[in-house]
Amino acid sequence: MRRVLLIFIDGLGMGENDPSLNPLVRFDPPFFRTLFGRPLVRELGTVMSDEVCLVATDAALGVPGLPQSATGQTAIFTGVNAPRRMGCHILGFPGPALAEIIAAHGLLGELSAACFSVTSANMYAADYMELVASRKRRHSVTTLSILGAGQPLRSLAHMAAGEAVYQDITNEMLPRFGVEGVPTVSPDDAGRRLTALAGRHSFTMFEYFQTDRQGHKHNWAEAAKIVANLDGFLAAVHRSAAETLVIITSDHGNFEDFSTKTHTLNPVPTILFGPGCRHVASTISCLTDIKPAIIAYLKEGAEND
Ligand SMILES: [Zn+2]
């Protein structure tokens, strides 16, 4: 059975090879260096091999202006050119028009309808739905995609059983949101939890967005922590993913350029490793290619079973 693990990292582009403005160069995490022989920077371009592929992916989608989260994530999770459909890049959280596109074309919903088991590894705090109902929080594109597939959101009970990962990877941020008493998890353990979940589903996703938050804030000490957490997490995923095709991607640049507090026009890295990575990578050049690539890969596998 084929399996896909999609790790969505908000606001991670391929930027300059310059330690004064790019945290991925200044802190030079070993994971990307192991994969590509140097930091994850724009001059790497596209890399193709049977072991690992990197596609410098277009996030602008032919629409002027800086790419933004609501339309970029809708493009990834629906395959629809959402910024073109809406006439511009839309930031933050999806409104009714984007929610309609997600309901009609969501990746998880479509896979679920084709009888593939799908899940999101992200843990949500117990009061999340209440906060949305009282308009203190809004559903992101990814959350709408999960709910649109009829899937429950993972809870503290899943976390206690080792079957969920919090959005910050380590659980360290949970007390800030009033959730006390949850043990922290090392990035390595979190990575292995994620691949264990991925081993039990046709499609598993995880969303990380601290990169985008810090890309808007520019705190180098926090950026160092983000780079270290991501490095340990992704390295553990790489070591333990076994027969799962792993796809790591982003919606727009931001974290890679501390010379600006806005998003960037840089391409985003789509990194693939695991069975079939080269073929799947060859079908991806922009954000809207990711959903059809995942569906084709899983359907092809099901036909050959
Ligand atoms: Zn942002």
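Modeller: Happy to! Let's take β6, which is mostly covered: 6 of its 6 residues are buried. Do keep in mind that this is a predicted model. Both faces of β6 are covered. V268, T270 and L272 lie on one side, P269, I271 and F273 lie on the other, and all of these are buried.

Now for the partners of β6. Strand β5 (residues 245-249) pairs with strand β6 (residues 268-273) in the antiparallel sense, over 3 bridges. Within that pairing, V246 stands opposite F273, and I247 stands opposite L272. β2 also pairs with β6 in the antiparallel sense, here over 6 bridges. In this case L272 of β6 is the bridge partner of C53.

Leaving aside neighbours within four places in sequence, L272 is in contact with C53, L245, V246, I247, C277, V280 and A281. L272 also belongs to the largest nonpolar core, which has 81 residues. The residues with the most contacts inside that core are V4, V165, L194, F203, V246, L272 and I294. The largest share of this core comes from α12, with 8 residues.

β6 is one of 6 strands in an open sheet with the order β2-β6-β5-β1-β4-β3, and the pairing is mixed. β2 (52-57) and β3 (118-120) stand at the edges with a single partner strand each, so one side of each is left without a neighbour in the sheet. From one strand to the next, the twist averages 15°.

Moving along the sheet brings us to β4, where 6 of the 6 residues are buried, so β4 is largely enclosed by the rest of the structure. F203, M205 and E207 point one way from β4, while T204, F206 and Y208 point the other way, and all are buried. The pairings of β4 described here are parallel: β1 and β4 pair in that sense over 6 bridges, and β3 and β4 pair in the parallel sense over 3 bridges. In β4, F206 stands opposite I7, and M205 stands opposite S120. F203 of β4 is also among the residues with the most contacts inside the largest nonpolar core.

Helix α8 (residues 141-148) has 7 of its 8 residues buried, so α8 is largely enclosed by the rest of the structure. Those buried residues are V141, T142, T143, L144, S145, I146 and G148. They pack against β1 (4-9), α3, α5 (96-105), α6 (107-113), β3 and β4 (203-208). After α8 comes G150, whose phi is positive, near 75°.

One of those packing partners can be described in detail. α5 and α8 pack at an angle of about 40°, with their axes 9 Å apart. The two helices are therefore oblique to each other. α5 passes α8 in a right-handed crossing. A99, I102 and A103 of α5 make the contact with V141, L144, S145 and G148 of α8.

Just after α11, H218 takes a positive phi of about 65°.

L61 is found in the loop between β2 and α3 (69-78). With 18 other C-beta atoms within 10 Å, L61 is partly exposed. Not counting residues up to four places away in sequence, L61 touches A75, N81, P83, R84, C286, L287 and T288. L61 and A82 are 21 residues apart along the chain, and their C-alpha atoms are separated by 8.8 Å.

Methods: Residues numbered from 1 in each chain as written. Predicted model: local features only at pLDDT ≥ 70, side-chain atom pairs only at ≥ 80, totals over all residues. Pairing = 2+ DSSP bridges. Helix = DSSP H or I, 4+ residues; strand = E, 2+ residues; numbered from the N terminus. Axes fitted to C-alpha atoms, helices over the stretch in contact; angles between N-to-C directions. Buried ≥ 20, exposed ≤ 12 C-beta atoms within 10 Å, placed from the backbone. Contact = placed C-beta atoms within 7 Å. Core = buried A, V, L, I, M, F, W, Y, C linked by C-beta atoms within 7 Å. Parallel < 35°, antiparallel > 145°, perpendicular 65-115°, else oblique. Left-handed = near helix turned anticlockwise from the far one by under 90°.
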